[in-house]
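Please keep the sequence and the model in view while reading.

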Amino acid sequence: MVSICSPLPPNLVASSISVEAPRSRGRSLTSREYGVLLQSCIDSKSLERGKMLHSRIRKDGFERNRDLLPRLIKLYSVCGRIDDAKKLFDRMSKRNSDVFLWTSMICAYAKNGSMMRCFELFVQMLERGVRPDSYTFSGLLKASAEFGFLELTLQLHSMVVRCGCGGCLSVANSLIHAYGSLRVVHEARKLFDRMVVRDVASWSAMIQACSSMGSYADSMALFSSMQLGDCLKPNELTVVALLPACGFFSSLRKGQAVHAYVIRNGYESNLIIGSALVTMYSRCGDPDVAYMIFTSFYQKNLVLWTSMIEGFALNGKYDIALNLFKKMQDQGFQPNYVTLVVILSACSHAGFVDEGLQIFETMQEKFGVKAGVEHYACVVDMLGRGGRLEDAEKFIENMGMRPSGSMLGSLLGACQVHHNVEIGERMAYRLFELEPRNAANYVILSNVYAAVGQWHDVGRVRQMMIAKGLLKDSGCSWIELKDTVYVFGAHDRSHWESEKIYKVLEELSEEIVRAGYVPATEHVLLDVEENEKKKLLCSHSERLAIAFGLLKVPPEMPIRIVKNLRVCGDCHEAIKLISRVTSRKLVVRDTNRFHHFYRGCCSCGDYW
């Protein structure tokens, strides 16, 4: 009896020997013992053993047992035999009075992706007078989130309140998860704030909801409140929800603290957490640690491979990313939709145009993945960065789908780099129709004109922005030191140590001039005197942040800077020389990637 009910490995517990052993001693199994054996079959998805067990359960007269029947339905559900589960459900004559049985069948449909049948069964349940309980609503809300219909979730929320289940913790957690999945974070937050009692699942769902919408500051604040206010211990789901926030802010210290927590609590073997850690370290500019985590997993999955390929590409190690892509295939992993977006983006940023085009042209035949809008956008970006602007425009016209804003925007940006006003104007006016409130498109067109000295057109575009009430995003850079984030704007003098910072900048300017620096004033897109342009270049936000880092960061530590806009060409050249004259490693993240500067070189190979 004790042997059968102990949590043994599934292949042992569910064996026919375990079923037959009590019979050989002259007695049948109890319903509790059958329940343990069924659960082991569910956990291991052992259909054959489960069917054999079902046969014994039927012979012993337990098939209609209220505890065993839902488990039998779940067994067939997890093994993908939903029709067998439905046949079993239909045989039960007393199902009209058993909400637990209806809930089991509804959840079985949801688990197998049969969302329409799931809700059809729910309607039948209501028509027969069966009142749903908290378990029913939790299963339905999960299904509605996967179904992707907000109206359905709102109606379920209304029913939850009318049925008096709104105070149930599991239902409230399911509602937060559903609203978060549907990107209606304000509703999730209203519900969360009204909860009298919260558990780890509540906090994890709310943190995940904020992260999914890019509200990473809120994710961080919630995590702190969870530990300080409710004194709850985060679990694996909390960690996975929080790590994207660390990566977004390039907050390596916070990411390391979360990693330490993972190790202390024995979560490091979890593949989902491993993939999240790889992504976090990569987005904090430390691909070497990311690779150490990657190699620590003997058994890898496609998500982990994709995360590591993206990590190398993000940090300028494009050759390694391509080699890893090939190695992944050699080990039997076929790239999926996301993996191909990652590798095409890597080819684009590296200037591997021919390699990227070959992958794109053979992806459906070789990998069975049909090209989507993200793949087309990568090809447009690839051609634009490579200076093949006419080819990129033809590609957009002939691709057989409506171009997205990101496609047109990447080609518009390439027109600024390559000084092509004609194509730039065409892309810009298409973008004005597609995204009339996106100020960035107007700014880039203005920069296209400024790059070739058409100042009258620059003024015209800015007047258009004023008439539409559009404002340009202000550029800023930030650096994190000892859990404090210091933010600098261009020409900023608000910091209390600004005199020291500007003094360091002056000294650096003299040193890099001696090292060969010549200010590239064409990057100042303002109609001002040449000397004024040189002054403006010297006080860009990333240079102020680097100067502050030189004052505060120990010499043996790299200085890590994050910028909310693309690094300008002049600053890129200046920072290369700063890394040489100071013998410091400088890591700068802009909107697209990391630039690792060391000894006068950059990881991007000056192709960005």
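Of the 608 residues of the protein chain, 51% count as buried, where buried means a relative accessible area under 20%, exposed means over 50% and partly exposed lies in between, computed with a 1.4 Å probe and protein chains only. The model is a predicted one, in which local features need pLDDT of at least 70 and side-chain atom pairs count only at pLDDT 80 or more, while totals for chains, interfaces and linings use all residues. Residues are numbered from 1 along each chain as its sequence is written, and side-chain values use heavy atoms, with hydrogens and water left out.

The secondary structure comes to 33 helices and six strands, these being DSSP runs numbered from the N terminus, with H or I over at least four residues for helices and E over at least two for strands. The C-alpha trace spans about 100 × 50 × 50 Å along its principal axes. Among the contacts in the chain with a separation of 6 or more, 63% are accounted for by residues 24 or more positions apart, a contact being heavy atoms within 4.5 Å. The chain exposes about 29,300 Å², of which carbon and sulfur atoms supply 53%; accessible areas come from the Shrake-Rupley method with a 1.4 Å probe, and for residues only the protein chains shown count as cover. The mean positions of the 73 positive and 64 negative charges are 8 Å apart. In that count Lys and Arg are positive and Asp and Glu negative, with His and the chain ends not counted, and each charge is placed at NZ of Lys, CZ of Arg, CG of Asp or CD of Glu.

Leaving aside neighbours within four places in sequence, S31 is in contact with F62, N65 and L68, and its C-alpha is separated by 9.8 Å from that of R66, 35 residues apart along the chain. In the loop between helix 4 and helix 5 (47-59) lies K45, whose phi is near 50°, a positive value in a residue other than glycine. Most residues other than glycine have a negative phi. K45 is exposed, with a relative accessible area of 55%. Another positive phi in a residue other than glycine belongs to R183, near 65°, in the loop between helix 12 (169-181) and helix 13 (185-194).

M206, in helix 14 (residues 200-212), is buried, with a relative accessible area of 0%. Apart from neighbours within four places in sequence, M206 is in contact with I176, V185, A188, R189, F192 and L222.

Helix 23 (residues 353-367) has 15 residues and reaches 20 Å from its first C-alpha to its last, close to the 21 Å expected at 1.5 Å a residue, the expected span being 1.5 Å times one less than the number of residues. The buried residues of helix 23 include V353, G356, L357, F360 and M363. An α-helix has 3.6 residues a turn, so residues three or four places apart point the same way. Cover for the buried residues of helix 23 includes helix 21 (318-330), helix 22 (337-350), helix 24 (373-385) and helix 25 (389-398). Just after helix 23, G368 takes a positive phi of about 70°.

Within helix 24 lies C378, which is buried, with a relative accessible area of 11%. Not counting residues up to four places away in sequence, C378 touches V341, L344, S345 and S348.

Helix 27 (residues 421-434) has 14 residues and reaches 20 Å from its first C-alpha to its last, close to the 20 Å expected. Its buried residues are V421, I423, G424, M427, A428, L431 and F432, and their cover includes helix 25, helix 26 (405-417), helix 28 (439-451) and helix 29 (455-468). Helix 32 (residues 541-552) is mostly covered, with nine of its 12 residues buried; these are S541, E542, R543, L544, A545, I546, A547, F548 and G549.
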